[in-house]
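Please examine the sequence and the structure shown below. The report that follows describes selected residues, helices, domains and cores in turn.

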Amino acid sequence: MARQARALATRQTVLVAAAEVFDERGYAAATMSEILDRAGVTKGALYFHFRSKEELALAVIEGQGVFISGWTPASDSPVQNLIDLGYAFARALQTDPLVRGSIRLTIEHGSFTQPQLAAYQGWMDTVRVLLEHAREAGDLHPGVDLTAAAGVITGAVTGIQLSSQVLADRQDLIQRLSDLWTLLLPGLVQPHALARLSVAERA
C-alpha cells in the first residue's frame, strides 16, 4: 500500500509539473527534460507513468473531466448551479495548475496526433444537462434550443477566459464572467426564474 501511495504521489507530482510547463510554454515548446526538472523526479519515474510527451499532455487534459466530476451543485435551481459552476471553473483557472494547463492544451488541440475534442464535449454535455433540468423546472423561455445554448455558453466562457488571460492574466475573469451572465441569461431564463438568481459569485 505504501508503495502504491508513493507511485500515485509521484504521478501527481509529474502531472502538476507538466501542467505548469504546458501552461507557460505551450505543447510544442515544452520538453520532457524541462518537465523532469520541474517535477524533481527521476527519468525512470517519469517514463514509468508516461511514455511520451503526448501521453502526458493527454493526462493533463483529463484534469478538466476530473474537475467537472468533482464539482458538487449547491442550489435547487439548475440555472444557479450553471452560474456557480462557471465561477468555480474561473477560480480553478486562477489557482489550479492542472486546470490551467489542460485549458492551454485543449486550445492547442491541433498539436496532437488526433484532435482532442472530449474536453469541449464534456463541458457542452454538462451545460446541456443543467439546461435540461432548468427546462423541466419551467425556468427557460419556450423554444430555447438546448444544444445551441450549451454550445454558445461553452464557447463564450472559453472566449472570455482566453481574453482575460491575454489582457489581465485572468485577474478580471470573475468580473468578465459576471458580465457574461448578466447579458446572456435574460435571453434564456424566464423573468420569474431570473429574479431568483444571483449572477455574482456566491461564497
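G151 is partly exposed, with a relative accessible area of 28%; buried stands for under 20% relative accessible area, exposed for over 50%, and partly exposed for values in between, with a 1.4 Å probe and protein chains only. This glycine belongs to helix α9, where helices (H or I, at least four residues) and strands (E, at least two) are DSSP runs numbered from the N terminus. Between the C-alpha atoms of G151 and M124 there are 5.9 Å, although 27 residues separate the two along the chain.

The model is predicted, so that local features need pLDDT of at least 70 and side-chain atom pairs count only at pLDDT 80 or more, while totals for chains, interfaces and linings use all residues. Residues are numbered from 1 along each chain as its sequence is written, and side-chain values use heavy atoms, with hydrogens and water left out.

**Loop residues**

The loop between α8 and α9 contains G138, which is partly exposed with a relative accessible area of 29%. Leaving aside neighbours within four places in sequence, G138 is in contact (heavy atoms within 4.5 Å) with Q190 and H192. From G138 to H192 the C-alpha distance is 9.7 Å, across 54 residues of sequence.

The loop between α9 and α10 holds D169 and also R170. D169 counts as exposed, at 56% relative accessibility, whereas R170 is buried, with a relative accessible area of 5%.

**Annotated regions**

According to UniProt, in an unreviewed entry, the feature "domain: HTH tetR-type" spans residues 8-68. UniProt positions are given in the numbering used here, feature names are shortened, and annotations may be inferred rather than shown by experiment. In the model, residues 8-68 are 85% helix and 0% strand, with 21 Å between the end C-alpha atoms. The unreviewed UniProt entry also places a "DNA-binding region" at residues 31-50. That stretch is 75% helix and 0% strand, and its end C-alpha atoms are 13 Å apart.

Which residues of helix α2 (residues 32-39) are buried? They are M32, I35, L36 and A39. These residues lie on the same side of α2 because they cover an arc of only 105 degrees around the axis, the arc being that of the directions from the helix axis to the C-beta atoms. The cover over the buried residues of α2 includes α1 (2-29), α3 (43-49) and α4 (53-61). After α2 comes G40, with a positive phi near 70 degrees.

Helix α4 is mostly covered, with seven of its nine residues buried. Those buried residues are K53, E54, L56, A57, A59, V60 and I61. Their cover includes α1, α2, α5, α7 and α8.

**Domains and their interface**

The chain is divided into domain 1 (1-58) and domain 2 (59-195), with bounds that come from an automatic or database domain assignment. A distance of 27 Å separates the C-alpha centres of domain 1 and domain 2. Their contact takes 19 residues from domain 1 and 16 residues from domain 2.

The size of an interface is often given as the accessible area lost when the parts come together. Domain 1 and domain 2 bury about 1400 Å² between them, 60% of it on carbon and sulfur atoms; buried area here is the accessible area (1.4 Å probe) that two parts lose on being put together, summed over both. On the side of domain 1, D23, Y27 and L58 lose the most area to domain 2, together 43% of what that side buries.

**Nonpolar cores**

A nonpolar core is a set of buried Ala, Val, Leu, Ile, Met, Phe, Trp, Tyr and Cys residues joined through side-chain atoms within 4.5 Å. The largest such core has 37 residues, of which V79, F89, L131, I153, L177, W181 and V189 touch the most other members. Two or more residues each are given to this core by α5 (63-70), α6 (78-95), α7 (97-107), α8 (118-136), α9 (146-168) and α10 (173-184). Helix α6 supplies the largest share, nine residues.

Not counting residues up to four places away in sequence, V79 touches A134, D139, L140, L185, V189 and L197. A second, separate core of 23 residues includes L15, L36, L46 and A59.
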